[in-house]
Amino acid sequence: MGSGTTDVALIGAGIMSATLGTLIQHLEPDWSIEIFESLDGAAQESSNAWHNAGTGHAGFCELDYATPLPGGGIDVSKSIAINEQFHVTRQLWSALITRGILPAAPGFVNPTPHLAFVTGAENVAYLRQWHDALRTEPLFANLQFSDDPAQIGEWSRALVDGRAPGEPVAATYEASGTDVDYGALARALIDALDARGAKLNLRSRVTDLRRDGDGWMITHRTRTGIATTPARFVFVGAGGGSLRLLQRSGIPEASGYGGFPVSGKFLRTRTPEVVASHPVKAYGKAEKGVPGLGAPHLDHRTVDGEDSLLFGPFAGWDPRFLKSGSRLDLFRSIRPGNIGPMLTVAKDNFDLLKYLIREITASHDKQMLALRGLMPSAVDADWEMIDAGKRVQVIGRDATGRGGLQFGTELVISPGNNLAGLLGASPGASTAVPVMIRLLQEAFGDRYDGWTGPLRELVPSLGRSMNTDDDWALEIRRATAETLGLAGA
């Protein structure tokens, strides 16, 4: 490839591309990096603060991360794994703040306790069991449990005010939780990349990826016409737009993947006294028959210095994969290799379809009724409906070759072709750092061993479990909590 070839091309200027670019710039400061973003600014799609709930997902309140076992126990291994991953992410943020690459923590992360909250005797018993399964784990040692409405009211008045006397309630409380403005974070990282030599191309929509020798030729539509850029390595971090570009690339690893778009909506209030009554993030338990992505949550948010509450998520549907996308996105993504898995998923996930239909047709009164399940005193006049980001639910082949929904974050890596991409959603942004480190390890296998030393400068726990009471782990947790202004470790 020619001398004008960029070493690393990042498609999409969201939190994933920003994180990967930051790591590569630290590891290989002489490599050229070019970022392609279809909109007129970074982090305007899924990373935008109002397009997600801003939860620093750490397993402290997300009950759907745990799996009930046939014998009556609960498997909490996923909760622990996600917590460990978030601690890795915290380490990078802390290192970048210390080095002056990121602004002080209140610019993008704020301490916001995390609660799991349930009602009804059966759910209270489940929450107690969930807490018992986690409280012996070092990373969850400070997780509190209460079924006393007075104590829960000290954590959040909104959860108990107006609730019927005697109604069984319970909550867990973790003081070290976070609220994260991923849009502000991504923009700060992109600005730092740009200041240190990366090239940011705004209003530059990538339309095609074609093999070009050992690398790729990227076709992108700009304000002045069609342009092409050669690149040695390409990362497709374009959110809902990633699937179609991975399909266009022709890499075999992308074969069989499909996607189903789900629109998100939240009720939002900025009424000061209402916001003050709930200084936490509270996640409930999904109803029977409702997938985990439908678990209700009431989230305290801090965006641009202003506090608010979000409640949701409410699901909608249209065939676009991005808010700025085309209504043909879904239909253009259908291929001979993925139509079978997509039809299988439609047949095997009737509960999900029923949930989406119910959500799409729900009236405002029903949406407010759902809110009052967590906040009984909610008043219609205080709340407005806002559109959130697009979520493309990944459809892939399971171990048996049948189509299955892939929950979480899915890396698609073709090491021999110097290309990687990211599909999926939550807990996505919260685990961006370990996900991108895994990408480096798998996509740059011949270089990774030489990178481990520089990576440990940013992530001291690299290759070790954070779920331990060893002195080194406690010190890392203490140090990152101090740098980020968080409670406890």
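I call a residue buried under 20% relative accessible area, exposed over 50% and partly exposed in between (1.4 Å probe, protein chains only). By that rule Arg210 is partly exposed, with a relative accessible area of 43%.

The model is predicted: local features need pLDDT of at least 70, side-chain atom pairs count only at pLDDT 80 or more, and totals for chains, interfaces and linings use all residues. I number residues from 1 along each chain as its sequence is written, and side-chain values use heavy atoms, leaving out hydrogens and water.

**Salt bridges**

I searched for a side-chain nitrogen of Lys or Arg within 4 Å of a carboxyl oxygen of Asp or Glu. The whole structure holds 20 salt bridges.

I looked up Arg210 again. Its side chain meets that of Asp208 in a salt bridge, 2.9 Å from N to O. Asp208 counts as buried, at 12% relative accessibility.

Next I checked Lys281. It forms a salt bridge with Asp179 (2.9 Å, N to O). Lys281 sits in strand S15 (residues 281–283) and Asp179 in strand S9 (residues 178–180), 102 residues apart. Strands here are DSSP runs of E, at least two residues, and helices runs of H or I, at least four, numbered from the N terminus. Both Lys281 and Asp179 are buried. Salt bridges with shared partners join Asp179, Lys281, Asp299 and Arg301 into one network.

Then I took Asp147. Its salt bridge is with Arg128, the closest N and O atoms being 2.8 Å apart. Asp147 lies in the loop between strand S7 (144–146) and helix H4 (149–155), and Arg128 in helix H3 (residues 121–134), so the pair ties together parts 19 residues apart in sequence. Asp147 is partly exposed at 39%. Arg128 is partly exposed at 36%.
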